[in-house]
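Trainee: Could you walk me through this one? I would like to know what to look at and in what order.

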Amino acid sequence: MRIDNYIRGWRKPERGEYVQCVSPHDAKEVCAAYPRSTAEDVRLAIAAAKEAFPAWKKLTAPQRGAYLQRAAQILKEEAKTIGRDLTREEGKTLAEGIGETLRAAAILEFFAGEGFQPAGEVIPSADRGTFLYTTRMPHGPVGLITPWNFPIAIPAWKMAPALIYGNTVVLKPAELTPVSVYHLVRALHEAGIPEGVVNCVFGSGSVLGAEMVGHPDVKAISFTGSNSVGSRIREQCAALGKPAQLELGGKNPLIVLEDADLEQAVSLAISGAFRSTGQKCTATSRVIVAEKVYDEFRERLLTETKRVRVGNPLDAATFMGPLASREQWETVRRMIAAGKAEAALLTGGEVPEDEHLAGGYYIQPTIFENVPREATIAREEIFGPVIALFKVKTFDEAVALANDTTFGLSASVCTRDLSLAHRFAEEIEVGMVHINSETAGAEPQAPFGGCKGSGTGLREQGKTAIDFYTQVKTVYMTHS
């Protein structure tokens, strides 16, 4: 299939150039052709968003929400087809692809409902003749830059709040996964969203993202991606006085205390580290285990890891599919090679020998132990199916090790001790805490984001989304 940009409707790129994206299961299989857009295409999209903004802003929030509700219904009705396309181009399992499509629909539905929520407050005034209140005003056109690992959910969770609160949108999605984003934009198009309110431009981030961030008519930027790119965006936006919301990397720990349910803990580690082939910013990367249960946990974890079925993501029996691209595959293999030089490899770390997987970007689920604190695999985000195991003697040592990172996105603890669970929630330096659940996973009605090197700016999702996508306006109304 060939995908076009979406600027006041479907539109070919100005230079008429297209690029092919391929399946990570079989690099010979072409999934789609998408535009190789230029800065001119972005400028056209920004102009469309600017022109559409006044009329969109004037609609009531419930009127805007109706478009989101209709788009959500389209996604739900076509979830199996869209999920299959997502799996083909990104590599996560079919169950995950369908699940992510339904998650995008749920996000649209949640924010459609937010259109009926209060958007300000009445404040008592010292003057009896003054009615004092606040309301919210949208920024205008906002720029959204999204990654490939959640190619329909992340665009949805940025677009939905932006739209419900009255902004118009210019979206720059990841190049690896254009079909998933196409389906989201198509759903909004079929829902009848007014021309110019939603715009989507496909192509290189270095070209399109730079133009979007620097353009004076783009009033705010929301970015999810690497720390290196996020740092540049933060600096640019700060210099321009432009609000920036950055969701970056993670090095997320799972702590297993001596009173933990070890069967549950192993299951959480496997799911958190290896689902989506570890390509989640919230994936479990470090597993920190109490000394008294370390050996038993280690053996259980190894046994279950060796049972993980790696294979074609469209096969219902597959637990873990390929990495999303050759570049990602090579990066993860380099990180594993560094781990082999620094720590003890317990299992995995190799390309599967199955000839049916030879054309794809596959790697075995991998576990290291005896990992030094300063090792590359202990410090840097891998974004692949790799666990670093650590042994600790006390709860305090476990929390100190968990906090010994530049990241602060998500963390989990397995324990039956309610007091330690509360201490963990208080002392761990992350934006999202899990007690007896995996580090990955988020619900649309709850704030999402991290601290330290994992994020900058206001939280995404939930009711807090309004804080980034609007500005507060205070009104003093005094009787004449």
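This is a predicted model: local features need pLDDT of at least 70, side-chain atom pairs count only at pLDDT 80 or more; totals for chains, interfaces and linings use all residues.

Trainee: Okay, sheet to start with: in what order do the seven strands of the open sheet come?

Mentor: The order is β14-β15-β16-β13-β12-β17-β18, and the pairing in this open sheet is mixed. At the edges are β14, residues 344-347, and β18, residues 432-435, each of which pairs on one side only. On average, neighbouring strands of this sheet are turned by 25° against each other, if direction is ignored.

Trainee: And how many bridges does β14 make with β15?

Mentor: There are three bridges between β14 and β15, which covers residues 366-369, and the two strands pair in the antiparallel sense. Within that pairing, L345 stands opposite F368 in β15.

Trainee: Which strands does helix α11 touch?

Mentor: Helix α11, residues 326-342, packs on the sheet and touches β14, β15 and β16, and its direction makes about 25° with that of β15.

Trainee: Switching to pockets, what volume does the largest one have?

Mentor: The largest pocket has a volume of about 1,200 Å³. Its lining consists of 41 residues, and W148, F223, G225, S226 and V229 are the ones that lie nearest the centre. Two or more lining residues come from each of α7, β10, α8 and α11, with α8 giving the largest share, six residues.

Trainee: What kinds of residues line the largest pocket, by class?

Mentor: The lining of the largest pocket divides into 16 nonpolar, 17 polar and eight charged residues.

Trainee: Now β3: which residues are on its covered face?

Mentor: In strand β3, residues 18-22, V19 and C21 make up the covered face, while Y18, Q20 and V22 are on the uncovered one. In a regular strand, side chains alternate between the two faces of the sheet. Strand β3 runs antiparallel to β4, residues 30-35, and five bridges join them, with Q20 standing opposite A33.

Trainee: Last topic, how many cavities of 30 Å³ or more does a search of the whole structure find?

Mentor: That search finds three. The largest cavity holds about 80 Å³ of space, and among its 13 lining residues G278, A283, S285, I382 and F383 lie nearest the centre.

Trainee: What about the second largest cavity, which element gives the largest share of its lining?

Mentor: That is β11, with three residues. The second largest cavity has a volume of about 70 Å³, and its lining has three nonpolar, seven polar and three charged residues.

Definitions and conventions: Residues are numbered from 1 along each chain as its sequence is written. Side-chain values use heavy atoms; hydrogens and water are left out. Two strands pair if DSSP finds at least two bridges between them. Helices (H or I, at least four residues) and strands (E, at least two) are DSSP runs, numbered from the N terminus. Axes are lines fitted to C-alpha atoms, for helices over the stretch in contact, and angles run from 0 to 180 degrees between N-to-C directions. Contact means heavy atoms within 4.5 Å. On a 1 Å grid over the protein atoms alone, a cavity is a set of points where a 1.4 Å probe fits but cannot get out, and a pocket is an open set with protein on both sides within 12 Å along at least five of seven lines; lining residues have an atom within 4 Å of a point. Grid points are joined across faces, edges and corners, and a volume is the space filled by probe spheres set on the points. Ala, Val, Leu, Ile, Met, Phe, Trp, Tyr, Cys and Pro count as nonpolar, Asp, Glu, Lys and Arg as charged, and the others, Gly among them, as polar. Buried means under 20% relative accessible area, exposed over 50%, partly exposed in between (1.4 Å probe, protein chains only).
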